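Here are my notes for your check of this model. Please read them with the structure open.

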Amino acid sequence: MILFEEVSKIYAGEHAALKQVDFHLKQGEMAFLTGHSGSGKSTLLKLISLMERPTTGRMVLNGNDISNIKGDDIPYLRRHIGMIFQDHRLLMHRSVLENVGLPLLIEGYSRYEIKRRSLAALEKVGLMGKEDFAPINLSGGEQQRVGIARAIINQPPLLLADEPTGNLDPKLSLEILSLFESLNEYGMSVLIATHDLGLIAKMRYRTLTLKDGEMINDGLMRERNG
Ligand SMILES: Nc1ncnc2c1ncn2[C@@H]1O[C@H](COP(=O)(O)OP(=O)(O)OP(=O)(O)O)[C@@H](O)[C@H]1O
């Protein structure tokens, strides 16, 4: 699903945010990406989602070599990636249904189809009945679910999440993680960047660790108790 071969990213000002990073996330796999603040987690996700370009190295996404991809091809490839952010980036005063359907509106789908697919996505994240609410009137955990519903509306094969539980308490964080697990069981590949080592330790997933732009560990952090 994602293959990095010796990928480096040097931002203007010559700061090396990623140094010769190698990893392979297989189709249908779920993994965590961790490391201290500034270690390069967001940069790695931005390279996968084509928001930033690598300085050197080879990147393959879903069978396509994206190392030297042309600008015109980027929107098509992005459609196959669901992105989830800590601050969920919702339109707070529009309805949940409008927020979730936004990617399809941009792509020119009919109103009927947008509503049908939005309701199906809301059902997947456990938010049926909330479609007419404005996100501002929902809890933090529910708002994050709206962001997840919006990310999966195109049924992307890959879901990238950047600190998706950063604003949530431990119980809600686990609920969001269980939601990612259920999406992974539907077959989506999932990569979750997080600082939350406690949360990682509770789950039994492969964990990629970055330190100062280098991939220093790739494996299970700890077995789940019981
Ligand atoms: N657009 C940019 N221009 C220059 N330097 C940048 C840019 N974006 C990130 N950096 C630098 O690259 C390094 C890695 O940043 P990145 O945001 O990828 O880290 P992170 O692990 O996601 O951090 P955090 O957990 O705090 O979000 C940092 O030193 C950061 O200052």
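1. How many bridges join β9 to strand β10, and do they run parallel or antiparallel? There are 6 bridges between β9 and β10 (residues 214-220), and the two strands run antiparallel. Two strands pair if DSSP finds at least two bridges between them. Leucine 208 stands opposite aspartate 218 in β10. The hairpin of β9 and β10 has 2 residues between the strands, and aspartate 212 takes a positive phi near 45° there.

2. Ground rules. This is a predicted model: local features need pLDDT of at least 70, side-chain atom pairs count only at pLDDT 80 or more, and totals for chains, interfaces and linings use all residues. Residues are numbered from 1 along each chain as its sequence is written. Helices (H or I, at least four residues) and strands (E, at least two) are DSSP runs, numbered from the N terminus.

3. Strand β9 (residues 206-211) also joins β3 (residues 30-34), through 4 bridges. These two run parallel. Phenylalanine 32 stands opposite threonine 207 in β9.

4. Isoleucine 84 sits in strand β6 (residues 81-85). Isoleucine 84 is buried because 23 other C-beta atoms lie within 10 Å (the cut-off is 20 or more, with C-beta atoms placed from the backbone). Its contacts (C-beta atoms, placed from the backbone, within 7 Å) include Gly147, Ile148 and Pro164, not counting residues up to four places away in sequence. The C-alpha atoms of isoleucine 84 and leucine 160 are separated by 6.2 Å, and the two residues are 76 residues apart along the chain.

How values were computed
A residue is buried if 20 or more other C-beta atoms lie within 10 Å of its own, exposed if 12 or fewer, and partly exposed in between; C-beta atoms are placed from the backbone. Two residues are in contact if their C-beta atoms, placed from the backbone, lie within 7 Å.
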